[in-house]
2 protein chains.
Amino acid sequence: MKRLLAISVVILTLGLGTAAAQQALQWGAAPLQSPQVNEDGTVTFRYSNPKAIKVQVTGDFLPTQKLEFEMNGQKMTYDAPGTADLKETKPGVWEYTTPFKVPSEMYNYTFVVDGTSQIDPLNMWVNRDVASLSSVLLVGGGVADDYFIHAVPHGTVSKVWYHSVAEGIDRRLTVYTPAGYETSPKVKYPVVYILHGIGGDEDAWVTQGRATQILDNLIASGKAKPMIAVFTNGNISQEAAPLENSMGYNVPTMSLPKTMEGSFESAFPEIVSFIDSRYRTVAKPASRAICGLSMGGFHSLYISANYPDMFSYVGLFSAAVGVSDASVSPIYQDRGAKLSKLFSRKPMYFIACGNTDFLFQANKDYMAELDKAGYPYEFMETDGGHIWRNWRKYLDAFLPKLFK
Amino acid sequence: MKRLLAISVVILTLGLGTAAAQQALQWGAAPLQSPQVNEDGTVTFRYSNPKAIKVQVTGDFLPTQKLEFEMNGQKMTYDAPGTADLKETKPGVWEYTTPFKVPSEMYNYTFVVDGTSQIDPLNMWVNRDVASLSSVLLVGGGVADDYFIHAVPHGTVSKVWYHSVAEGIDRRLTVYTPAGYETSPKVKYPVVYILHGIGGDEDAWVTQGRATQILDNLIASGKAKPMIAVFTNGNISQEAAPLENSMGYNVPTMSLPKTMEGSFESAFPEIVSFIDSRYRTVAKPASRAICGLSMGGFHSLYISANYPDMFSYVGLFSAAVGVSDASVSPIYQDRGAKLSKLFSRKPMYFIACGNTDFLFQANKDYMAELDKAGYPYEFMETDGGHIWRNWRKYLDAFLPKLFK
């Protein structure tokens, strides 16, 4: 038996004929580990490469650096992730330990080897964000505890296809049903629709967003009500995430047709109808919420305003609130009148934005508009910009407010 | 509107501050594409790195090379993936086009940059196999057409947790329900249980195995009956795949406790009971199949033999058939008598193995044992060894035989 195992391991190890495979396997000699959260709260990164001259790590766990860029002739600055040098501690083995305790958070990082970036080959946890891969570091003991998988009852996470009459294609959703859904056949559940940003898809909130872990943990602790969560794909011309469709979108791209021109918002009721027919939902506005980040916040604003009888809870996270062009679609016309109708239904309206977000001013302007009309809302201001760590926090704050 | 999009793209592009992110985005200038299946059937790989000295690609689309290795003092040879050199066609841009048409297949590859392997940073499709990441190349027009997503009705793919009484923990399954399952509430379905190999988990067959695409396509074309498929995690001490559990197994490893010592096989009925209670199944042996690759074939052999009234269909793919140690567990004892009981029920018994598989002789020996006892089975012999491309083919051949 042991013999077979040993042979299998060799075969599998050689499977790709790669150094990475051999290094990464925990068999026999202790392999390198990267990343490693140390007992003192620092984090160590390791990388094996005998021929590299300079190895760096860049990621949002490091202090940011101001970068300038020009856009339409305007100079703007951006808080880019910092970099740190790994040192060759043994021949071919590179290492960096943070000189500080890394606060609890979910981070993304890559190595930069002689100027070219790559993911950490020792870390199997890789997330795609739009068209970039990065390695993931999750540090517990604080805010990120809700992003971990704990030994609590877990919901079911499904990839589900619905037929879009508006587009004439089948399209994919991610659907979370809370623990107990399948074993409580008489219970009906409220539903939150959670929308991604530009370049994302129905996978984004469950990979980069850790939304199903957040739901599991909030529900298990009693902080949020058991609810169904639906993660839509807001690129309406696309069946599904880039590698999950039949349409040849095999390279992730932002230049998809029909992005932010009203079609997605206009066709949203067919998704709600599908969910209400497929799942045991409470099919009433008081049991429906919609929220989204960036473009998804923009979508949430217009979907809730155009269908004022659909949602009693609206969450706009770093939302693109100031930029609708009424000439593009009737969906974007008469916003004031539509908001008036929506707010006459007294929705819980939640706005969150980071104070260095490039959309911060637009959000302040939008809130001034709401103030002027006397519409109540909650505002959550955080540090930081247009980043996932904020969106996870906003979701974690928004979900406990729902369906109370 | 356009302005906002442009700014968002810059922000997202800078999101990781990495060269890869900027290269990979399809916005403005045409980005590098890799891999690219050309019209003449060749495939081009591209890689950007101004400081590299030698860049190679290694993968199973290239002719294999014989490698020797020693195991327990014995010299063995192994067919390792070949390598090919990329050439610097423009400063910093490396390229390789195969000098041959690449046959339809799903391939895994990595780049080797100055001796160190890394995944293709331009290819968002990354699969984890045990503790290795590799980039995926899918070439259609033949055998791999069943591995593509086509515009056919799609089943639902769910991550579902069950409680294991045997282990006292919640454990995760992947469950495929065929298109129409949710809309045909009176129809009951047969179930196939599909088991992974050592080092794998409940994700392996749906990532490396393309099993849900194979099911979608076989069912849509009428070649296979609509069926539920259950992908178990055969590492019974593990809740779920390495990054999906609360147990700290964050580095994939093969040295998990309780591997191939009877516990998983012995507790299998609790999974079947869970599925029969949770889903609309035909809960009879004639509507139950079990199959698996390598360790999963070993598991399938012993589960079907120990529970002869459970499955009418058994598939052993490159199975570890010759190695059970009866002293380890009662599950492995009296195999002859157990098989006699099983075969008296006249199961469809399917064995498949590649003729260069290190387990080929063991499978021949096992078939000789079946022949001697007069037990009927089907045998599918293929080229090649202990590799995913064979396991996908075996599944594609096995599923149409079920429930007829």
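Mentor: Happy to! A residue is called exposed when its relative accessible area is over 50%, and buried when that area is under 20%. Keep in mind that this is a predicted model.

Trainee: Okay, so is A:K66 buried or exposed?

Mentor: A:K66 has a relative accessible area of 60%, so A:K66 is exposed.

Trainee: And where is A:K66 placed?

Mentor: You'll find A:K66 in strand β4 of chain A, which covers residues 65–71.

Trainee: What does A:K66 touch, apart from residues up to four places away in sequence?

Mentor: A:K66 touches A:T77, A:Y78 and A:D79. There is also a C-alpha to C-alpha distance of 6.0 Å between A:K66 and A:A80, although 14 residues separate the two in sequence.

Trainee: Let's switch to A:T259. Buried or exposed?

Mentor: A:T259 counts as buried, because its relative accessibility is 14%, and the cut-off for buried is under 20%.

Trainee: Which part of chain A holds A:T259?

Mentor: A:T259 lies in the loop between β15 (228–231) and α5 (263–266) of chain A. Its side chain reaches the backbone oxygen of A:L256 at 3.0 Å. Setting aside residues up to four places away in sequence, A:T259 touches A:I198 and A:M295.

Trainee: New topic: how do β10 and β11 of chain A run?

Mentor: The two strands, β10 (residues 126–129) and β11 (residues 132–139), run antiparallel and are joined by four bridges. For example, A:R128 has A:L133 in β11(A) as its bridge partner.

Trainee: What do β10(A) and β11(A) form?

Mentor: A hairpin, with two residues between the strands. In the turn, A:V130 has a positive phi of about 55 degrees.

Trainee: How many residues does the largest nonpolar core have?

Mentor: That core has 86 residues. Those with the most contacts inside it are A:W205, A:F317 and A:L402, along with B:W205, B:F317 and B:L402.

Trainee: What is B:F317 in contact with, leaving aside neighbours within four places in sequence?

Mentor: Its contacts include B:W205, B:C291, B:F350, B:W391 and B:F398.

Trainee: Last one: what pLDDT does chain A average?

Mentor: Chain A averages a pLDDT of 90, and 90% of the residues score at least 70. Over residues 1–29 of chain A, though, pLDDT stays under 50. For the complex, the predictor gives an ipTM of 0.91 and a pTM of 0.92.

Terms used
Residues numbered from 1 in each chain as written. Chains lettered and ligands numbered in written order. Predicted model: local features only at pLDDT ≥ 70, side-chain atom pairs only at ≥ 80, totals over all residues. Heavy atoms only, no water. pLDDT = per-residue confidence, 0-100. Contact = heavy atoms within 4.5 Å. Buried < 20%, exposed > 50% of the residue type's maximum accessible area, 1.4 Å probe, protein only. Polar contact = N/O pair within 3.5 Å; in protein donor to acceptor, adjacent residues only side chain to side chain. Pairing = 2+ DSSP bridges. Core = buried A, V, L, I, M, F, W, Y, C linked by side-chain atoms within 4.5 Å.
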